[in-house]
Structures are given as structure tokens and as C-alpha cells.
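Open the model in your viewer and follow the stops below in order. Each stop gives a selection and what is found there.

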Amino acid sequence: MAGEQLALTVLAGVLLVGVFALLSRMEDWRSYSPLGSGAGYGGETEHGHAEKPAGLVRWLTTVDHKDIGIMYGIYATIAFLWGGAAVFLMRIELAAPGFDIMQAQFYNALLTSHGITMLFLFGTPIIAAFSNYFIPLLIGADDMAFPRINAIAFWLLPPGALLIWAGFFTAPLTGNAIAPAQTSWTMYTPLSVEQANPGVDLMLLGLHLTGVSATMGAINFIATIFTERAEDVNWANLDIFSWTILTQSALILFAFPLLGSALIMLLLDRNLGTTFFAVDGGSPILWQHLFWFFGHPEVYILVLPPMGLVSWILPKFAGRKLFGFKFVVYSTLAIGVLSFGVWAHHMFSTGIDPRIRASFMAVSLAIAIPSAVKTFNWITTMWNGKIRLTAPMLFSIGFVSNFVIGGITGVFLAAVPVDLILHDTYYVVGHFHYVVMGMIAFAGFGAIYYWYPIVTGKMYQRTLAKWHFWLSMIGSNLTFFAMLLLGYLGMPRRYATYEFDAAIAPLAQITSLHQIATVGAVVLALGQLIWLWNMIQSYYEGPVVQDGDPWDLKDDGMFGREFQWFESQLQQTMADGGEEDEDAVLTDGGEVDGDLEPAVRRVDDE
């Protein structure tokens with residue numbers, strides 16, 4: 001054991017020395033001016049930093065909000081692939097009763113890793129990717145209020161992910177002495193206290209780092225939106241995406257520090273013998289109160305910005321301004337306030353006072369009202385609009401559709417009598433995944449397609465993008481609707497196997513629904529592989545965008561501030577280098593290449 005730890009320490013030291021030597025050879029660290037001021041690296045612009053170094057050093061030292069946004073996006077994509085691979089293996093395991101392709105302990109580790117990865121390592125960072133890149137552009141700011149803190153917030157995430165996933169790498173090296181955590185993503189006590197596995201401690205420390213990162217980012221966004229707006233941007237005309245990021249940041253500011261405190265208490269119980277969550281002297285239910293006081297605002301921390309993205313993108317392809325803009329803003333603020341008063345609806349079956357249960361049920365039902373306001377505003381925005389079914393619009397419509405199903409199933413779970421029957425069944429899993437995958441991921445994909453020309457200077461393959469949408473839509477509904485039906489049949493969640501006596505439960509129907517869910521997962525995975533190929537291949541070989549209005553937004557008066565910035569960048573590039581300049585930098589990732597296809601100018605036929 002001691003020899004293995006010593007070997008790991010030596011290996012880590014050699015790796016660090018190698019990285020330092022590589023960076024030293026690639027770039028003289030003192031050869032450029034500090035990155036805290038200046039303009040864009042494609043020339044002097046109002047959004048960027050001058051004299052950026054080349055190569056890897058640029059990405060390791062940048063404080064440019066656009067670069068950091070790209071790094072958040074790459075990080076979130078890696079986490080998305082990790083979490084997707086984990087759940088795909090789980091789905092294969094559940095394809096048939098008693099079908100054991102893995103040990104139950106490994107299944108539990110995948111279950112824990114999948115949930116934490118998708119919520120903390122994908123959901124929050126993918127939102128940070130969009131907000132870092134585009135919030136300064138949308139409000140007319142030069143950069144974030146605290147660029148260096150912005151960079152620090154990102155660089156806390158990679159070590160956090162490594163700590164959360166560490167058990168998968170250390171288990172084979174240590175003979176399972178340090179194994180991946182098997183606590184589920186909710187880390188309920190006393191299970192999470194009694195697991196004598198250092199991998200759990202590593203996971204808790206990694207979660208703590210991600211919480212610190214999110215809190216630093218939230219403070220930065222609040223300061224940026226309050227103090228860095230251009231003179232012509234006031235609270236009345238602040239864009240809807242910035243409103244949702246501002247609300248999200250306020251929720252993070254109150255929710256994540258509580259999670260950090262609870263994690264420290266759990267670490268103390270595990271390592272120093274305190275009894276915060278002990279059955280004798282403490283309370284295991286205390287962990288649930290602390291965790292869900294963070295956990296349910298976390299749902300809206302993840303959902304509100306995607307709502308803002310859809311509220312921003314959907315009107316562009318409906319040819320109309322967002323209907324009831326003020327009410328969408330008010331509903332956003334109302335959700336933010338109410339989200340802190342609903343946490344105990346996760347705990348209706350714990351034996352809490354019925355009067356308390358009734359009050360939480362009332363607030364949980366009430367929060368559906370501002371959510372419904374948004375839904376009807378999106379539908380009304382499309383009503384009699386000039387709909388263009390581009391990939392961003394398809395994903396926005398899919399978002400609304402999935403939100404209706406995910407929201408209504410949530411209303412059922414908010415009712416105490418229904419929740420007592422469906423609690424901890426696959427119905428809860430289906431409801432939650434309609435929200436996380438059907439809403440958050442769909443809005444993210446729509447935003448990626450919408451802003452892809454700005455970030456890369458290229459246009460993606462539009463046919464593949466539509467294949468991605470339809471495979472994602474079909475796969476999501478096959479998988480998650482089957483889970484809703486499994487919940488009605490009483491299938492418990494978090495089970496690695498479900499072989500039981502058919503005389504007391506409908507084994508045949510449950511098996512069929514699990515197989516349908518697995519087929520849906522295969523369809524869903526195929527769609528994501530198409531998306532990944534489309535993004536990478538289009539970045540290198542896609543047609544260069546030379547029109548600052550690639551979506552023809554000017555025709556309907558929907559030309560946003562971020563595309564105004566993009567157009568000015570293109571015009572400046574043309575003025576500096578001309579159309580035939582192969583080395584002219586268009587954006588943060590696109591260069592003019594003389595061998596590429598003709599520039600994309602119109603997308604009306606999409």
C-alpha cells in the first residue's frame with residue numbers, strides 16, 4: 001500500500017516536471033505584456049486582449065472571457081461524454097432481468113459518477129460557457145468585471161473533476177483500496193458516512209472545488225451585469241439571457257455555500273468522528289434538509305439560463321419579439337425566490353410533520369405558475385410567426401415540448417399523496433431527466449448551433465444537425481417516457497438488477513419497458529456522436545462565414561448585439577487583410593482558408 005502511494009506520488013511529480021518543461025520550450029513566459037488589458041488578438045477591438053501568446057500557453061494563461069468560455073465548453077463536453085458513457089453502461093446492464101455484465105459495486109459507482117458529472121461537471125459549466133462568452137458581448141462590456149477571478153473559477157474545475165473521478169483510476173492501482181464512491185449523487189447519510197473508502201473523501205473534496213468555482217463565477221457575473229453595462233443598456237432593455245444569468249448567480253450565491261458547509265460536516269463525520277449526521281447524537285435527516293435546501297435551487301440554477309437561451313433564440317426564428325418580455329422577467333425572478341421554499345418535497349416520505357408537508361406542497365405547486373407563464377409566452381411568440389425550422393429553432397421547440405412533459409410530471413410529484421406512491425421509483429427518474437436532458441441539454445445544443453458561426457467563423461453541416469435533433473428527440477422520449485411508465489409499475493430506482501417473482505410484480509412489462517429505454521439510449525447516443533462529429537469536422541472543414549448576419553436576422557429586425565459585434569469583427573478583418581488573406585483571423589477559432597467551400601451567407605433553406 002505504501003509502495004503504491006509512493007509510486008503514484010513519484011509519477012505525479014514526473015508529470016508536473018514534464019508539463020513545466022514542455023511549457024518552457026513552447027513559449028517565453030516573459031515575452032508578452034500582461035493579459036489584463038488590451039484588445040482582441042485579431043486586431044484592436046473592444047472585446048478581448050492584445051498580444052496573446054501562441055499555443056498551449058495562451059489557453060493556460062488567458063483571462064479573455066471568450067477564451068474562458070471556449071474552455072468551459074470543451075470541459076463540459078468531456079464531462080458530458082463521461083456521464084453519457086457511464087449511463088450507457090448502466091442501461092446495458094438493465095436491458096434484461098438478472099443480466100449481470102458488471103458487479104453491483106461498479107454499477108453503484110457509475111450511478112454516483114453519472115449523476116454528479118451531469119449536474120456539477122456538465123450542467124453548470126456548459127451554462128458558464130455561454131455566459132462567459134456572450135454576456136459581455138450582449139451588455140456591451142469590455143470583459144468580465146474580474147477577468148483573473150474568472151480564469152481562477154475555471155481552473156478550479158479540472159482538479160475537481162479529477163478528484164470526483166479519481167476512484168476509477170486509483171482502484172486498479174491500489175487493489176480497490178481507493179475505489180470510486182458508491183453513495184449515489186445525493187450522498188445520503190448514514191451510508192455516505194459509513195463507507196470506509198477514501199474515494200468518497202476525494203469525491204467530496206472535488207465537489208467542494210466545483211462549488212467554490214461556481215460561487216466565484218456567480219459573484220463575477222453579478223458584478224459584471226451591475227457595473228459593466230454599456231451606457232445604452234439599462235434594466236428595461238437588458239436582454240433576457242442576462243436576466244436569467246443574474247437570477248441564477250443570486251441563487252448560486254445563497255445555495256452553493258450551504259452545500260460546501262454540508263460537505264465539510266460530512267467530511268468531519270467521516271474522518272474526525274463528529275456526529276452531525278449520526279443516528280445517535282445527530283440526525284441522518286439533517287443531511288437531507290441541508291442537501292435539498294441546496295439541491296432544489298440547484299435545479300433552477302441549471303434550468304433558468306436554458307430558459308433564457310430559448311427566450312433569446314426562439315424569437316429570432318419566429319420573426320417576432322418575445323411576447324410578454326416583462327412577464328418572462330418577472331416569472332424568472334419569481335422562480336428564483338420560490339425555489340428556496342420547496343426543498344422538502346423531496347422528503348415527503350421521511351415522516352416530517354404533515355402540516356409542514358402541506359406548506360411545501362403548496363409552494364411546490366405554486367412554482368408551476370411562473371413556469372407556465374414562460375411556456376405560454378414561448379407558444380404565443382411562435383403563434384402566427386414566420387417560423388424557420390433551423391437547427392437552433394428545432395431544439396428550442398423540442399425544449400418547450402419536453403418542458404411540458406417534465407413540468408407536468410413534476411406537478412404530480414409535488415402532491416403529497418401521489419409522491420408517497422411514486423417516491424424513489426423510475427417515475428422520478430423520468431421526470432428529472434425530461435428536465436435535465438430534455439431541457440438543459442436541448443437548450444445547450446440550440447445555443448451551440450446558433451452561436452457556432454461566431455465562435456468558430458464556420459458553419460456546421462445543417463443536415464447532420466437535423467439528424468442530431470430528431471435522434472435526440474426520439475431517443476429522449478423513448479427512454480424517459482418508458483421510465484415514467486416503469487415508475488407507475490413500481491420499479492424502484494438505483495437498482496442494479498430487477499429479477500423478481502412475476503407473481504408479485506409485472507416482470508414481463510417491466511422488462512419490455514427497460515428494453516425500450518435501452519433502445520432509446522442507443523438512439524440518443526447515436527445522435528450525440530453525430531453532433532460531436534459535426535462540431536469537430538465543421539470546425540476544420542466547414543464553409544467560412546463572411547456575412548455578419550448568417551441567420552438573416554436583419555430581415556425581421558432581430559439582429560442582436562452579439563452578431564453586431566461579430567459583423568464588426570468581420571468588417572475589420574476585411575479592412576486589415578482583404579477577402580483573400582488566408583491568415584486573417586475571423587473569430588476566436590476561425591481562419592479564412594482559401595481551400596474551403598464558398599462562404600455561407602444565407603440559411604433560409606435550412
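How many of the 31 residues of helix 16 are buried? Select helix 16, residues 426-456: 28 of its 31 residues are buried, where buried means under 20% relative accessible area, exposed over 50% and partly exposed in between (1.4 Å probe, protein chains only). Helices are DSSP runs (H or I, at least four residues), numbered from the N terminus.

This is a predicted model, in which local features need pLDDT of at least 70, side-chain atom pairs count only at pLDDT 80 or more, and totals for chains, interfaces and linings use all residues. Residues are numbered from 1 along each chain as its sequence is written, and side-chain values use heavy atoms, with hydrogens and water left out.

Stay on helix 16 and centre on Tyr 450, where a kink of about 45° lies shortly before Pro 453. The bend is the angle between axes fitted to the seven residues ending at a residue and the seven starting there. After helix 16 comes Gly 457, with a positive phi near 75°.

Next, select Met 347, in the loop between helix 11 (325-338) and helix 12 (354-366). Met 347 has a relative accessible area of 0%, so it counts as buried. Leaving aside residues up to four places away in sequence, Met 347 touches Ile 285, Gln 288, His 289, Trp 292 and Ile 352; contact means heavy atoms within 4.5 Å. A distance drawn from the C-alpha of Met 347 to that of Val 416, 69 residues apart along the chain, reads 9.9 Å.

Finally, select Leu 478 in helix 17. Leu 478 is partly exposed, with a relative accessible area of 32%.

Notes
Helices (H or I, at least four residues) and strands (E, at least two) are DSSP runs, numbered from the N terminus.
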